[in-house]
Amino acid sequence: MRGRWGQRFLQAAALTTFLVLGGLTIFLFREGLPALSKTPFEGIVFAVHPDNPVSTLTAAQVRALVRQEKRWQDFNGPDTVLIPIYLANIERYVPPTASIQEIRLILDSLAEFPGILFALPPALLPSSVKQLRVEWEGWKEIFFSTQWSPTYEPVPAVGFLPLLVGSLWVSIIGLAVVVPLGLAMAIYVVEFLPKSFYYPIKILWELLAGLPSVVVGFWGLVVVVPWIQKVFRLTAGETALTAGILLGWMTLPLMASLVEEALRAIPRLLEESSYGLGATQWQTIWRLKLPYVFPSIATATLLSAGRILGETMVVLMVSGNSPLLHFSPLQPVRTLPATLAAELGEAPVGSYHYHVLFLLGVILFILTLGLNLSAYLIHPKDAQAAR
Amino acid sequence: MYKVEARKVSVWYGSYKALDEVSLCLERNQVLALIGPSGCGKSTFLRLLNRMNDYIEGFRMEGQLLIDGEDIYSPEVDPVYLRRRVGMVFQKPTPFPFSIYENVAYGLRLQNRLKESQIRERVEQALRQAALWDEIKDNLKKSALALSGGQQQRLCIARTLAVRPSLLLMDEPTSALDPISTAKIEELIHELRQTYTIVIVTHNMQQAARISDMTAFFYMGRLIEYGRTKDFFTNPQHPETLRYITGRFG
């Protein structure tokens, strides 16, 4: 009787875990996918002076106008200065104490300017203006734009490429650190470390694995950042390189443990066969053991890449958090998860910004899932060689 | 000069004495079978001959062990070079997870002084010697793991022969094989005795009788009886030997 209840309890626990994970995934996609269909202009209407011949613009063109990278003439508009008025800058023209009638009055008079561009809720829009159609192509903006400033008004830039490139830089550098060091560590421990040192070293190394990432980040901020700054003569030491190095170190225990396990699983007789043919220890390592554990090395590398890609706290602290598209590892970057951590707290629930951030979450989810799945797929299947 | 000569060889693993003053001599181009119950020291003795015990923790040895008149435990001897002269085949097939060709070439590449064309020649030669060439000559690129157990074991023999040892050690080479594969290996040993001196550990007394010239019976770390295989099985001198070969223990 008791056995059956025990089994039911285990079943319930497994089911709950499964449901929570499934629910999490569904929630992630449900909140993220609307970013592709929605526009950031909900409740906002764009309008221009009735004499302005421009009637349709793309979001990128409006952004360029507001940033004064382009002028009205560039779009066959009037030869005048642009005066943009949107919620974030309305205070420049309207005193905060103004009543709604006063605001209307001021906006009505501003509407007289031929170069005016309104981006306001319909209720505030003067009656004399002409509506401007602004085209928002969500796909293009998200996947091909090279800018990320999701709170920029009146037209946010939500291109995630700079964040992806930031993540890639950090991952590549992290892997360049963790793969050779992890291999070296595993080989050393298996081949050369005297047995009496093994457990102290192993405990230390597990400790490193369990170190809170905020501690690693803080240490990086105080020690590694100034060091990078000095070595490369930079104005700021918070770079992709800094974050990559730290993440590589952080992932070291994972990488080294996986490779160590694989090295220890090599059948004793296989090793002796190599020695029996006149191989030195070094030759046995290079010609037999490393090729033998190659699938495990690949798996460990992919899992490490997944860890590095998903790590948030350390990158948030030491990568410089600059969401600009950079092609040098000595520039500050911002990664996908760091962006989520930094911005999700200030994005109003249900806003466009909120949905875009969840879409980043979906992308991150797919990337890490892909890495983990491929790690799973290439899992060593030749392990039964020479049983 | 004997091919192998042991002079009062004793071995300890930590405080456990695995071999007790073993002395024997083996002529060139002879097959020596080592028999005895599990834990009797026969494998320990075999593994002394290519210094494979060196890696075991707490291993200690006394006495002298000579191959071709040279003390292989003298400090000048590099075990790596010794093992190129003394090849070993294990109780299970141990193919490396590479192609058939690379398996046989493995030992040759270690020495780094053969051209690829020479390696190819030696690989073919070794596979022919191991009576495997005709079966796999069109599949040299195939993974060695895809071969049958018996083929894998012959591949391991070929791999050992490719390095051109003069002494061949076999640690129960047929224990993991079916009767047909076993017969092929035994046939192979019969042919190899023309060129090599072979020391083979076996649990199978019929096998020892079939393939060996000399037989050594080990019991509890001591060499109980050693002699020509013909006399050994027909007229054992020691009561323990008689009890063992008639199947009363072990």
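How many of the ten residues of helix α3 (residues 100-109) of chain B are buried? The legends below take up this and other close-up views. The model is predicted; local features need pLDDT of at least 70 and side-chain atom pairs count only at pLDDT 80 or more, while totals for chains, interfaces and linings use all residues. Residues are numbered from 1 along each chain as its sequence is written, and chains are lettered from A and ligands numbered from 1 in the order in which they are written.

**View 1. Helix α3 of chain B is mostly covered.** Seven of its ten residues are buried (20 or more other C-beta atoms within 10 Å of a residue's own, with C-beta atoms placed from the backbone). These are B:Ile100, B:Asn103, B:Val104, B:Ala105, B:Tyr106, B:Gly107 and B:Leu108. They pack against α11 of chain A and against α4 (116-129), α5 (133-136) and α6 of chain B. Helices are DSSP runs of H or I with at least four residues, strands are runs of E with at least two, and both are numbered from the N terminus.

**View 2. Helix α11 (residues 281-292) of chain A has buried residues along one face.** A:Gln283, A:Thr284, A:Leu288, A:Lys289 and A:Tyr292 are buried.

**View 3. An open sheet of six strands in chain B has mixed pairing.** The strand order is β6-β7-β8-β3-β9-β10, where two strands pair if DSSP finds at least two bridges between them. β6 (86-89) and β10 (222-228) stand at the edges with a single partner strand each, so one side of each lacks a neighbour in the sheet. Neighbouring strands are turned by 15° against each other on average, direction ignored. (Axes are lines fitted to C-alpha atoms, for helices over the stretch in contact; angles run from 0 to 180 degrees between N-to-C directions.)

**View 4. Strands β7 (residues 167-171) and β8 (residues 197-201) of chain B run parallel.** Five bridges join them, and B:Leu168 has B:Ile198 as its bridge partner in β8. Helix α6 (residues 149-162) of chain B packs on the sheet, touching β6 and β7, and its direction makes about 170° with that of β6. Contact requires C-beta atoms, placed from the backbone, within 7 Å.

Technical notes:
Two residues are in contact if their C-beta atoms, placed from the backbone, lie within 7 Å. A residue is buried if 20 or more other C-beta atoms lie within 10 Å of its own, exposed if 12 or fewer, and partly exposed in between; C-beta atoms are placed from the backbone. The arc is that of the directions from the helix axis to the C-beta atoms.
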